[in-house]
Amino acid sequence: MQKQKIALALGMLVLAAQAQADQLADIKAAGVVKVATFDANPPFGSVDPKTHKIVGYDVDFAEALAKSLGVKLELVATNPANRIPLLQSGKADLIVADITITPERAQVIDFSTPYFVTGQQFLVPAKSPDKLDDYSKARIGAVKGTTGEQALHQRFPQSRVLSYDDIPLALTALRNGNVQAITQDSTILGRTAGGSAGQGKLQNHPRPAEQRRDWRRREERANRPC
């Protein structure tokens, strides 16, 4: 089942690229495709401490795409807030980094078929309150440029939202007591909690602003100015 989802996502990306023949021709002529992906967002993308290379779920997709195009892969490290600007500036040909589809984003970028669906959760220190409403006025950490950050403002307007560039920085703030909870996608927090045994637990979040989060790869619309 997983292989079918990967093939579908890659197929849609290639079809979208073919609609932009000039861009695809430029990529093939250069012999390299520049893909923006996370370098501090496991399991989607993070730096392997042994090889010092970016590895992860999204990197596997990017490698398969480059192979299908017959070009080399150049990874461009990014964080959530910089994903779209990198694409618009031409520093990346496309982005392979988990992102929620929203009408606002669809105005400036094109999305492929979704390849991942997840939900939003809280990560809190052990022995913290279990009721979500207990955090309505709390200090909560979120990652800049994410829909999770936006949903937090909507669900808890009286909370103090502290935004960080990536999840490791948010986790450090949680450990240091600068925030009482952090919020991010369940898959990411599951990996974060797994790597911090005894230091935290997962608290389910009802995702107030959305019912589903479809993670998709995308490329910029050809008719949009940079």
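The model is predicted, so local features were kept at pLDDT of at least 70 and side-chain atom pairs at pLDDT 80 or more, while totals for chains, interfaces and linings use all residues. Numbering starts from 1 along each chain as its sequence is written, and side-chain values rest on heavy atoms, with hydrogens and water left out.

To start with the overall picture, the chain has eight helices and 15 strands, taken as DSSP runs (H or I, at least four residues, for helices; E, at least two, for strands) and numbered from the N terminus. Of the 226 residues in the chain, 47% are buried; here buried means under 20% relative accessible area, exposed means over 50%, and partly exposed is in between, using a 1.4 Å probe and protein chains only.

Next comes the core. A nonpolar core is a set of buried Ala, Val, Leu, Ile, Met, Phe, Trp, Tyr and Cys residues joined through side-chain atoms within 4.5 Å. The largest one holds 28 residues, and Val-33, Val-96, Ile-167, Val-179 and Ile-182 have the most contacts inside it. Two or more residues come from each of helix H2 (21-30), strand E1 (32-38), helix H3 (57-69), strand E11 (160-164), helix H7 (167-175) and helix H8 (186-194). Domain 1 (20-107) and domain 2 (120-212) each supply at least three residues to this core, with the bounds coming from an automatic or database domain assignment. In soluble globular proteins, nonpolar side chains do tend to be buried together. Beyond four places in sequence, Ile-167 touches Ala-40, Asn-41, Val-143, Ile-182, Gln-184, Ile-188, Leu-189 and Thr-192.

Strand E1 also contains Val-32, which is partly exposed at 23% relative accessibility. Val-32 sits 4.9 Å from Val-71, C-alpha to C-alpha, although 39 residues separate the two in sequence. Contacts of Val-32 beyond four places in sequence include Ile-27, Val-71, Leu-73 and Asp-93.

On the charged side, the structure holds two salt bridges, meaning a side-chain nitrogen of Lys or Arg within 4 Å of a carboxyl oxygen of Asp or Glu. One of them pairs Arg-155 with Asp-133 at 3.0 Å, N to O. Arg-155 is in helix H6 and Asp-133 in the loop between strand E9 (120-124) and strand E10 (139-143), so this pair ties together parts 22 residues apart in sequence. Another joins Asp-165 and Lys-144 at 3.4 Å, N to O. Asp-165 belongs to the loop between E11 and H7 and Lys-144 to the loop between E10 and H6, so parts 21 residues apart in sequence are tied together here. Asp-165 is partly exposed at 34% relative accessibility, and Lys-144 is partly exposed with a relative accessible area of 34%.

Glu-149, in helix H6 (residues 147-155), is a curious case: this residue is buried yet has no salt bridge, and the nearest side chain of opposite charge, Lys-144, is 7.7 Å away. For that count, Lys and Arg are positive and Asp and Glu negative, with His and the chain ends not counted. The Glu-149 side chain instead reaches the backbone nitrogen of Gly-145 at 3.1 Å. Beyond four places in sequence, Glu-149 is in contact with Ala-142, Val-143, Lys-144 and Ser-163.

Asp-165 turns up again as a contact of Asn-79, which also touches Phe-38. Asn-79 is found in the loop between strand E5 (72-78) and helix H4 (83-89) and is buried, with a relative accessible area of 16%.

The loop between E2 and E3 contains Pro-43, and a cis peptide bond joins Pro-42 and Pro-43, with omega about 10 degrees. Phe-44 lies in the loop between strand E2 (40-41) and strand E3 (45-47) and counts as buried at 1% relative accessibility. Phe-44 and Ile-188 are 144 residues apart in sequence but 8.1 Å apart in space, C-alpha to C-alpha. His-52, in the loop between E3 and strand E4 (54-55), has a positive phi near 65 degrees and is exposed, with a relative accessible area of 62%. Most residues other than glycine have a negative phi, and most peptide bonds are trans.

Methods. Contact = heavy atoms within 4.5 Å. Polar contact = N/O pair within 3.5 Å; in protein donor to acceptor, adjacent residues only side chain to side chain.
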